[in-house]
Amino acid sequence: MRTIRAAAAGAVVMSLALAATACGGGSSTDGEGSNDAPKTLTYWASNQGASIEIDKKVLQPELDKFEKETGIEVKLEVVPWSDLLNRILTATTSGQGPDVLNIGNTWSASLQATGALLPWNEANFAKIGGRDRFVESALGSTGAEGQDPAAVPLYSMAYALYYNKEIFADAGIAKPPATWAELVADGKKIQAKGKQVIGAEGANLSENIHHVFTFAKQHGADFFTKDGKPDFTSDGVVAAVKQYVDLMAKDKAIPVGNAEYAQNQSVSDFAKGKTAMLLWQSASANLKSQGMSDDAYGIAPVPVQSGTPGAGEQVNSMVAGINLAVFKNTDNVDGATKFVKFMTSDAEQKILNTAYSSIPPVAAAQSDAAFNTPATVVLKDTLAKSAAALPQVADESQFETAVGTAVKELFAEAAAGRPVTTESVKARLEKAQQQMPAA
Amino acid sequence: MTTTIERGRPGTRPVKAAPANRRPGRIRRIGLPYLLLLPALVLELLVHLVPMVIGIVMSFKVLTQFYIRDWGSAPWAGLDNYSLSVDFNAPVGEALLHSFFVTVAFTLLSVALCWLIGTAAAIFMQDTFRGRGLLRALFLVPYALPVYAAVITWVFMFQHDNGLVNHVLHDQLGLTDKPSFWLIGDNSFYALLTVSVWKGWPFAFLIVMAGLQNIPRELYEAAALDGAGIWQQIRRITLPSLSPVNQVLVLVLFLWTFNDFNTPYVLFGRAAPEAADLISVHIYQASFVTWNFGAGSAMSVLLLLFLLAVTGVYLAVTSRGRRPADA
């Protein structure tokens with residue numbers, strides 16, 4: 001019996017040791033990139049079109065073109081937004097990931113902090129034609145200030161006010177609102193005609209963040225101090241969050257049902273003509289796929305408090321967009337760089353950004369006639385003059401969760417008919433701030 | 001493995017070789033089952049125990065986004081992650097405690113309802129009648145459906161503007177003054193409970209139904225002759241005979257419900273409303289969404305300890321009750 005027990009114990013110890021070494025091997029060895037597999041690349045694309053199938057149709061011909069040029073086969077996987085960040089985190093942790101991938105540009109600093117992405121220093125930028133090919137505002141969302149970018153800009157987007165021309169005409173509104181006060185006043189006329197005023201995604205944390213960020217700018221406030229510490233409870237931030245939630249609670253412009261929207265239902269409502277207005281980034285392709293024709297709606301800059309959009313307190317959008325990153329431990333670092341060069345080339349930028357109704361972050365491509373339609377001019381102007389980058393801090397992802405949830409809860413209270421006061425907003429934001437990691 | 005086969009060959013001539021081979025033969029006889037168990041044991045360790053041990057190790061580390069790429073370099077946190085989790089005066093601990101209480105209330109209600117509905121249905125379905133097979137199959141559908149598909153259907157039904165639930169409760173029956181919110185705010189607790197019971201009771205039904213097959217008909221016949229009514233039969237025969245089945249059933253339902261991640265996650269997404277903030281999603285949020293895997297692991301370990309304690313106490317109590325009966 002004793003020998004058996006000893007043998008069993010030995011087996012246990014051995015398998016544990018095996019497992020331990022296996023784990024150790026996985027996480028520590030793969031430091032820098034190599035060129036061990038020069039003929040293939042794996043590419044994770046984010047879901048930019050109305051569906052994953054549409055993305056595949058857009059991207060595959062381009063990848064085939066790249067294979068013809070370089071002989072490198074690119075394996076494409078389009079990852080839905082709900083999974084993308086988790087997949088990237090898992091890939092970072094295990095070291096088993098794609099070679100090239102799309103990231104939401106607001107994640108740049110958070111992902112940069114993991115050290116998993118290839119930094120774009122001068123040498124790397126030189127391989128893709130130099131840093132100055134890109135528009136400066138897009139480069140502002142590629143990582144923390146003072147560090148080499150963790151990714152290069154691929155698609156740029158900005159928020160705009162989409163409005164239904166027919167509903168506006170019926171309500172006797174001549175031009176889209178330029179200020180929030182005008183929007184609320186127009187809303188009364190629209191409601192008198194039995195239509196909903198403006199859509200929102202009250203339960204979508206990222207959407208909430210994008211809007212309260214812009215409102216905070218308009219109140220001269222920031223969610224982070226200059227040295228990167230969370231500062232959610234300043235008067236300006238509280239007023240900003242309250243103004244956004246008040247669009248539902250006080251002004252009744254956002255329908256209460258939107259408090260639970262998180263699956264882009266507000267876009268469908270707008271496409272179906274249920275709501276008169278929508279604040280969205282580069283929605284044209286999405287609206288078209290939902291059967292709304294281009295001439296049924298107009299595009300105007302997002303309203304400001306007063307005056308016209310510009311810098312400082314006249315900011316009316318975040319710098320939205322998608323960046324292209326390379327995993328540092330890729331075993332085809334040269335191929336990955338070539339692929340980034342291909343995707344950011346003038347020709348590809350025109351094709352891809354046209355397909356996704358976004359704006360090329362590459363200056364030369366941006367000046368192409370394809371991006372001079374009335375729709376894209378509004379977005380281009382916003383990006384150039386009145387958009388600001390979301391805080392490029394390592395805790396950005398935690399900020400989105402904490403504050404995004406606070407706004408979601410405030411919308412839920414407003415929808416239930418409970419009052420939303422300066423105190424209740426401040427209490428929520430205080431709680432959000434306490435949940436941030438102590439730096 | 002080859003050695004076993006080769007050694008096994010002389011064993012086919014047992015009588016002659018027996019005296020000389022006695023000891024090795026015995027070891028072989030006793031050793032073989034263990035040898036056969038070995039692959040299972042190794043896999044069990046790899047699949048089950050090793051991740052658990054790694055999880056426990058993680059809970060003692062500062063595993064934020066700065067370190068996830070190379071866990072080895074993450075500094076040791078000592079008990080910091082634990083003290084953060086159980087400091088109920090600070091926001092993180094307070095939120096965890098709130099989530100814990102929500103989960104306990106949810107689990108107790110859900111298990112009780114699942115058991116009650118499942119048992120009642122099983123007893124009703126005990127007698128043969130036309131269409132019994134069909135009804136049984138129908139009852140099992142929620143259990144057989146893929147969780148995601150089933151719960152996403154509920155999401156549509158619970159919608160404020162176009163959902164079936166509000167259409168029936170508000171538009172047709174006029175039970176509420178205005179359409180209610182089910183996926184946000186306080187009602188979300190009841191929405192979650194409804195889906196959980198809907199999804200869970202067929203399992204109770206299935207197990208109790210199997211248990212009922214083992215109760216001899218004669219007991220009921222004898223009881224009927226003695227003048228026992230249906231309630232007395234259920235109370236005096238059915239329930240006592242089912243008690244070993246129920247003991248396991250309730251424990252399993254409790255563990256599944258307490259740990260359920262899919263239902264709340266599909267219903268509410270990554271930020272559950274406060275009223276329905278179940279602990280599994282809460283921990284997911286603490287680790288994946290805020291990228292603090294150390295704190296998330298510490299909370300998981302605390303959850304594991306709690307469930308172990310509950311299971312241990314439950315088994316001790318129920319088996320103590322059984323022993324005198326067995327004797």
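A:A150 touches A:S108, A:L111, A:Q112, A:L117, A:P119, A:T142, A:G143 and A:A325, not counting residues up to four places away in sequence; two residues are in contact if their C-beta atoms, placed from the backbone, lie within 7 Å. This is a predicted model, in which local features need pLDDT of at least 70 and side-chain atom pairs count only at pLDDT 80 or more, while totals for chains, interfaces and linings use all residues. Residues are numbered from 1 along each chain as its sequence is written, and chains are lettered from A and ligands numbered from 1 in the order in which they are written.

The loop between α6 (136-139) and β4 (152-157) of chain A holds A:A150. Helices (H or I, at least four residues) and strands (E, at least two) are DSSP runs, numbered from the N terminus. A:A150 is buried because 28 other C-beta atoms lie within 10 Å; the cut-off for buried is 20 or more, with 12 or fewer for exposed and partly exposed in between. Its C-alpha atom is separated by 7.5 Å from that of A:A109, 41 residues apart along the chain.

The contact between the chains takes 39 residues from chain A and 35 residues from chain B. On the side of chain A that touches chain B, two or more residues each come from α1 (2-28), α3 (81-94), α4 (108-114), α17 (396-415) and α18 (422-434) of chain A. The largest share, ten residues, belongs to α1(A).

Chain B is divided into domain 1 (2-58) and domain 2 (79-326), with bounds from an automatic or database domain assignment. Taken over C-alpha atoms, the centres of these two domains of chain B are separated by 41 Å.
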